[in-house]
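Let's take a walk through this one, starting with the aromatic rings and ending with a sheet. Keep the viewer open as you read.

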Amino acid sequence: MFLGIPAIAGRDNESIITNGVPWFDSDGNIINAHGACIIEDGGKYWLFGEYKSDNSNAFPGFGCYSSSDLVNWKFERVVLPVQKDGILGPDRVGERVKVMRCPKTGEYIMLMHADNLKYTDPHIGIAVCDSINGDYRLLGTIEYDGKPIKNWDMGTFQDDDGTGYLLIHHGPVYRLSDDYRSISAKAAHIDGMGESPAMFRKNGIYFMLTSNLTSWERNDNYYFTATSIEGPWEKRGLFCPEGSLTHNSQCTFVFTLTRNGEKIPIYMGDRWSYPRQASAATYVWLPMQVNGTSLSIPEYWSSWNINGIRKQTLSGETKIHDWTSDKKGEKLRIPFHGKRISIIGESNSQSGYALVSIKDKEGKILHSQYVDFYSKVPDLSPRYVSRLYPEDDYMLEVEVSGENPVWSDKKGNVFGSKDFFINVSKSIIEK
């Protein structure tokens with residue numbers, strides 16, 4: 001539906017989104033914005049997300065980033081930090097942060113899921129701010145019929161007429177008041193919904209995306225459609241190929257991108273990496289095709305040009321390695337001359353965390369981080385793309401950490417990797 005849109009002038013490598021790899025902000029730090037949303041305001045794009053930690057699932061704050069092109073991001077600040085007490089106090093959970101600008105008041109409204117670490121005390125919290133990247137003030141919980149909404153996964157949707165909606169897992173859709181600070185009515189209940197709701201509208205059709213319940217593991221997400229938010233809603237099925245586990249991701253938001261007058265829904269998904277969510281969890285953003293009530297992401301684009309909305313491969317000098325190991329401490333060393341290096345490798349159910357480091361020609365470590373090679377469905381794609389450095393001689397080291405993502409759900413079911421394998425098939429060096 002969107003193929004063939006001409007590219008906006010600019011170097012291709014400045015317009016590429018590479019999925020499933022850590023992204024870096026303008027300061028060279030990992031972009032830490034999970035369960036996120038994007039809004040367009042004041043001539044910029046603003047990304048809000050969970051500012052995760054590698055040490056605990058406790059709420060560390062909600063972060064804000066800004067961009068002029070959706071590829072290069074500047075870290076603004078943690079706009080809502082841990083509170084002294086209350087629903088987002090110490091040893092609490094804060095997730096699924098969503099921000100909307102209220103058309104009536106001009107105020108920025110932030111909604112989120114707040115909970116305890118056992119996920120037995122869920123609330124929908126609300127915070128407000130007069131500026132998009134300012135200090136948000138937590139007001140407390142949002143209520144319906146005088147009672148707190150005791151649910152966890154949530155999302156938001158702003159319709160073309162400015163009406164705001166709160167989306168809740170397993171079906172409830174609430175219409176917000178004119179000032180977005182309270183709920184005016186329950187607009188619909190979508191039977192058969194799962195978690196992580198995300199809604200958008202195109203050509204008069206409302207689409208609701210949702211995932212199954214598999215803890216941090218990925219699954220085949222599905223969608224519903226309706227001609228009005230009140231319904232009736234019809235379950236349509238999967239929007240990614242069956243068995244792809246939504247291209248190894250979970251939906252979190254749909255951002256509508258305008259290119260040459262066409263509105264293109266962009267799927268935003270998370271690749272969770274428990275317990276190393278801050279360093280190793282990544283993102284999957286892909287354009288979606290809409291034809292009437294049909295919604296699809298037919299093919300996984302590991303890299304794509306956001307201006308031309310087209311698949312694009314990483315380019316540069318290629319070196320073949322075909323290196324595989326699950327021996328803790330074993331390293332693959334790749335000396336290179338250039339500005340940036342990418343590594344391609346297979347992720348599968350036997351894979352674990354690699355410790356990836358870049359050293360300068362004197363041996364000083366410039367950057368080091370964990371990279372997740374695990375996926376339930378095997379995938380041969382980029383696993384790491386470094387930030388840009390001044391052209392020079394460097395050394396990339398890929399070390400088997402001996403750690404792997406493993407977790408259990410509330411019922412005690414165990415998920416994650418069964419081993420620690422790391423595979424690097426080739427590297428690509430940009431000069």
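What follows looks at ring pairs, then at charges over rings, then at strands. Bear in mind that this is a predicted model.

Start with the aromatics: there are 25 aromatic pairs in the structure. Planes under 30 degrees apart are what counts as stacked here. Is Phe-200 buried or exposed? Its relative accessibility is 2%, so Phe-200 counts as buried. Phe-207 is buried too, with a relative accessible area of 0%; the cut-off for buried is under 20%. The two rings also belong to a cluster, in which ring pairs link Phe-200 and Phe-207 with Tyr-223, Phe-239 and Tyr-267.

Rings also turn up with charges over them. Arg-276 lies over the face of Tyr-370, 3.6 Å from the ring centre. For Arg-387, the charged end sits over the ring of Tyr-389, at 5.6 Å from its centre.

Four strands make up an open sheet in the order 6-7-8-9, and the pairing is antiparallel. Which strands stand at the edges? They are strand 6 (92–101) and strand 9 (137–141); each has a single partner strand, so one side of each is left without a neighbour in the sheet. From one strand to the next, the twist averages 25°.

Zoom in on strand 9 and its antiparallel partner, strand 8 (residues 123–129): four bridges join them. In one of these strands, strand 9, Leu-138 is the bridge partner of Ala-127.

Definitions and conventions: Residues are numbered from 1 along each chain as its sequence is written. This is a predicted model: local features need pLDDT of at least 70, side-chain atom pairs count only at pLDDT 80 or more; totals for chains, interfaces and linings use all residues. Side-chain values use heavy atoms; hydrogens and water are left out. Rings of Phe, Tyr and Trp (its six-membered ring) pair if their centres lie within 6.5 Å; planes under 30 degrees apart count as stacked, over 60 as edge-to-face and the rest as tilted. Buried means under 20% relative accessible area, exposed over 50%, partly exposed in between (1.4 Å probe, protein chains only). A charge sits over a ring if NZ of Lys or CZ of Arg is within 6 Å of the ring centre and within 35 degrees of the ring normal. Two strands pair if DSSP finds at least two bridges between them. Helices (H or I, at least four residues) and strands (E, at least two) are DSSP runs, numbered from the N terminus. Axes are lines fitted to C-alpha atoms, for helices over the stretch in contact, and angles run from 0 to 180 degrees between N-to-C directions.
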